[in-house]
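Visitor: I would like to learn how to read rings and pockets in a model. Could you take me through one?
Guide: Gladly; let us look together.

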Amino acid sequence: MVRVLPEWGEGRDAMGIDMEKKWKLKTDEQKLTVADVADFDLDHIFDCGQCFRWEKNADGSYSGIAFGRPVRISYEKESRDLAIYGADVADFESIWRTYLDLDRDYGQIKQSLRDKDPVIGKAIEFGQGIRILNQEKWETLLSFLISQNNNIPRIKKCIRSLAETLGEKAGDFEGKTYYNLPSAEVLAAASLADLAPCRLGYRAKYLIETAKQVQAHGMEALERLGIDEVSSSEAFEALQGYCGVGPKVANCIALFAMGKFDRFPIDVWVRKVMNQMYGIAEHDMNAMAAFAAETFGEYGGIAQQYLFYYITHHNLSKKE
């Protein structure tokens with residue numbers, strides 16, 4: 001089945017989003033294919049530190065789970081065809097279109113960032129296919145609590161173990177069983193002994209206490225932080241009310257799940273790249289945040305991802 005509809009509509013907002021965009025979709029028994037997807041690279045998206053439930057396959061595709069749906073995603077750079085195995089048109093409209101942020105014009109954003117700051121151009125070129133995923137808020141809260149003082153392979157292992165230990169089965173896909181992360185109710189009732197197999201260390205207490213807070217105040221309070229009526233700074237402050245959430249984790253959650261694209265998370269890698277590329281002292285995070293707000297503005301979080309991917313994947317990082 002093929003749907004051929006007009007290209008960009010007239011409803012693009014200041015952030016480059018156009019929900020009137022009509023995509024050319026094709027489906028068969030195995031997959032959904034989205035034609036002519038620009039500014040997109042699977043490695044850049046799934047290996048830039050924003051998500052932890054995707055794994056690369058030998059053929060370059062990625063398998064993972066989001067919103068309870070396990071799929072495999074591939075992308076052909078020459079044809080610009082994006083294939084989502086295990087999905088159909090309804091899934092595309094309800095999950096993957098928004099999750100992959102396909103309606104945002106990243107070409108426009110990249111040009112805007114270059115116009116404001118030529119220095120970031122080499123980082124943009126290096127990670128040109130990055131898109132900010134619109135992730136589940138509860139999952140992102142748990143994931144970045146686990147991410148503290150942790151490396152990405154171990155973060156992935158901890159999250160997978162948490163899902164398999166306390167989460168419900170989401171389904172079997174291409175020979176693998178996938179699990180959802182536990183609900184706030186399940187996690188709030190868990191003990192430290194229950195979480196011991198997940199090897200979370202001191203973070204286990206944070207997860208349990210945060211789950212109790214979410215259970216007490218309702219998941220709606222967390223979800224509400226992502227609406228347009230809640231400002232970026234309001235979401236940032238509110239997120240720090242959850243147990244174990246400091247400024248860096250709050251910025252990550254606000255950026256990767258709440259749609260607050262101006263947030264600029266600063267970790268050891270961002271401190272390094274801001275020092276190497278802009279000459280800001282590595283210890284001066286206030287100066288980095290002020291520079292990002294002034295220079296990158298509403299696209300601060302997207303700029304952060306280009307810079308983070310550059311420093312962690314380019315030759316500069318080989319000095320470590």
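Visitor: How do the residues of the lining of the largest pocket divide into nonpolar, polar and charged?
Guide: First, a word on the source: this is a predicted model, where local features need pLDDT of at least 70 and side-chain atom pairs count only at pLDDT 80 or more, while totals for chains, interfaces and linings use all residues. Residues are numbered from 1 along each chain as its sequence is written, and side-chain values use heavy atoms, with hydrogens and water left out. Rolling a probe the size of a water molecule over the atoms shows where empty space is left. A pocket is an open set of points on a 1 Å grid over the protein atoms alone where a 1.4 Å probe fits, with protein on both sides within 12 Å along at least five of seven lines; lining residues have an atom within 4 Å of a point. Here the lining comprises 19 nonpolar, 13 polar and 4 charged residues (Ala, Val, Leu, Ile, Met, Phe, Trp, Tyr, Cys and Pro count as nonpolar, Asp, Glu, Lys and Arg as charged, the others, Gly among them, as polar).

Visitor: Which helix gives the most to the lining of the largest pocket?
Guide: Helices are DSSP runs (H or I, at least four residues), numbered from the N terminus. H12 gives the most, with 6 residues. Of the 36 lining residues, those closest to the pocket centre are Lys248, Ile266, Asp267, Val268 and Phe308.

Visitor: Why is the pair of phenylalanine 144 and phenylalanine 256 stacked?
Guide: Rings of Phe, Tyr and Trp (its six-membered ring) pair if their centres lie within 6.5 Å; planes under 30 degrees apart count as stacked, over 60 as edge-to-face and the rest as tilted. The count comes to 16 aromatic pairs. Phenylalanine 144 and phenylalanine 256 are stacked because their ring centres are 5.6 Å apart and their planes lie at 25 degrees. This pair joins helix H5 (residues 137-146) to helix H12 (residues 247-256), 112 residues apart in the chain.

Visitor: Is phenylalanine 144 buried or exposed?
Guide: Buried means under 20% relative accessible area, exposed over 50%, partly exposed in between (1.4 Å probe, protein chains only). Phenylalanine 144 is buried at 3%, and phenylalanine 256 is buried at 2%.

Visitor: What sits over the ring of phenylalanine 261?
Guide: A charge sits over a ring if NZ of Lys or CZ of Arg is within 6 Å of the ring centre and within 35 degrees of the ring normal. Over phenylalanine 261 lies the charged end of arginine 104, 4.1 Å from the ring centre. Arginine 263 has its charged end over the ring of phenylalanine 236, 4.3 Å from the centre.

Definitions and conventions: Helix = DSSP H or I, 4+ residues; strand = E, 2+ residues; numbered from the N terminus.
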